[in-house]
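The model is predicted.

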Amino acid sequence: MNAAQASAFQANSGFAPSALSVVLLGAVFTVLLLWGVWAMRAAYNGWAEAQLSQRQFTGVVLRIVALYLVLTFFLLS
């Protein structure tokens with residue numbers, strides 16, 4: 001955005017565009033963390049009931065951690 005657009009945005013919304021960016025990034029990471037916890041809990045329940053092997057459970061956890069790290073790199077850099 002150029003200076004005129006940023007000024008118009010702030011005049012109409014009451015906050016700076018950078019504040020909106022922080023809120024949206026926070027919402028994305030909150031949803032990602034909640035989904036990750038849900039997925040790991042579901043995988044743990046499957047592992048505890050012997051429906052998933054240790055290797056499958058570890059794969060789920062590693063994929064969630066990798067997804068979080070990749071999104072952190074792309075969204076916060």
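Helix α1 is followed by glycine 14, which has a positive phi near 90°. At the other end, where α1 (residues 3–13) starts, a side-chain oxygen of asparagine 2 comes to within 3.2 Å of the backbone nitrogen of alanine 4.

**Helix α1**

- Glutamine 5 belongs to helix α1.
- With a relative accessible area of 43%, glutamine 5 is partly exposed, because this value falls between the 20% limit for buried and the 50% limit for exposed residues.
- From C-alpha to C-alpha, glutamine 5 and proline 17 are 9.9 Å apart in space, while twelve residues separate them in sequence.

**Packing of α2 against α3**

- Two packed helices are described by the angle between their axes and by the distance between those axes.
- For α2 and α3 the packing angle is about 175°, and the axes are 9 Å apart.
- The two helices are therefore roughly antiparallel to each other, since angles over 145 degrees count as such.
- On the α2 side, the residues that meet α3 include Leu25, Val28, Phe29, Leu32, Leu33, Trp35 and Gly36, as well as Ala39, Met40, Ala43, Tyr44 and Trp47.
- On the α3 side, the residues in this contact include Gln54, Phe57, Val60, Val61, Ile64 and Leu67, together with Tyr68, Leu71, Thr72, Leu75 and Leu76.
- By class, the contact of α2 with α3 comprises 20 nonpolar residues, three polar residues and no charged residues.

**Aromatic pairs and cluster**

- With ring centres required to lie within 6.5 Å, the count comes to six aromatic pairs.
- The rings of tyrosine 44 and tryptophan 47 have centres 5.6 Å apart and planes at 45°, so this pair is tilted.
- Tyrosine 44 and tryptophan 47 are three residues apart in helix α2 (residues 17–48), and therefore about one helical turn separates them.
- Tyrosine 44 has a relative accessible area of 43% and is partly exposed.
- Tryptophan 47, at 34% relative accessibility, also counts as partly exposed.
- Tyrosine 44 forms a further aromatic pair with phenylalanine 57; this pair is edge-to-face, at 6.3 Å centre to centre and with 65° between the planes.
- Because tyrosine 44 lies in helix α2 and phenylalanine 57 in helix α3 (residues 54–76), their pair ties together parts that are 13 residues apart in sequence.
- Phenylalanine 57 counts as buried, since its relative accessibility is 16%.
- Tyr44, Trp47 and Phe57 form one aromatic cluster.

**Loop between α2 and α3**

- Alanine 50 is found in the loop between α2 and α3.
- Although alanine 50 is not a glycine, its phi is positive, at about 60°.
- The relative accessible area of alanine 50 is 69%, so this residue is exposed.
- Glutamine 51 lies in the loop between α2 and α3.
- The relative accessible area of glutamine 51 is 60%, which means that this residue is exposed.
- When residues up to four places away in sequence are not counted, glutamine 51 touches Gly46 and Gln56.

**Valine 70 in α3**

- Valine 70 lies in helix α3.
- Its relative accessible area is 43%, so valine 70 is partly exposed.
- Valine 70 and leucine 32 are 38 residues apart along the chain, and their C-alpha atoms are separated by 12 Å.

Key:
Residues are numbered from 1 along each chain as its sequence is written. This is a predicted model: local features need pLDDT of at least 70, side-chain atom pairs count only at pLDDT 80 or more; totals for chains, interfaces and linings use all residues. Side-chain values use heavy atoms; hydrogens and water are left out. Rings of Phe, Tyr and Trp (its six-membered ring) pair if their centres lie within 6.5 Å; planes under 30 degrees apart count as stacked, over 60 as edge-to-face and the rest as tilted. Helices (H or I, at least four residues) and strands (E, at least two) are DSSP runs, numbered from the N terminus. Buried means under 20% relative accessible area, exposed over 50%, partly exposed in between (1.4 Å probe, protein chains only). Axes are lines fitted to C-alpha atoms, for helices over the stretch in contact, and angles run from 0 to 180 degrees between N-to-C directions. Angles under 35 degrees count as roughly parallel, over 145 as roughly antiparallel, 65 to 115 as roughly perpendicular and the rest as oblique. Contact means heavy atoms within 4.5 Å. Ala, Val, Leu, Ile, Met, Phe, Trp, Tyr, Cys and Pro count as nonpolar, Asp, Glu, Lys and Arg as charged, and the others, Gly among them, as polar. A polar contact is a pair of N or O atoms within 3.5 Å; within protein, one must be able to donate a hydrogen and the other to accept it, and residues adjacent in sequence count only if both atoms are side-chain atoms.
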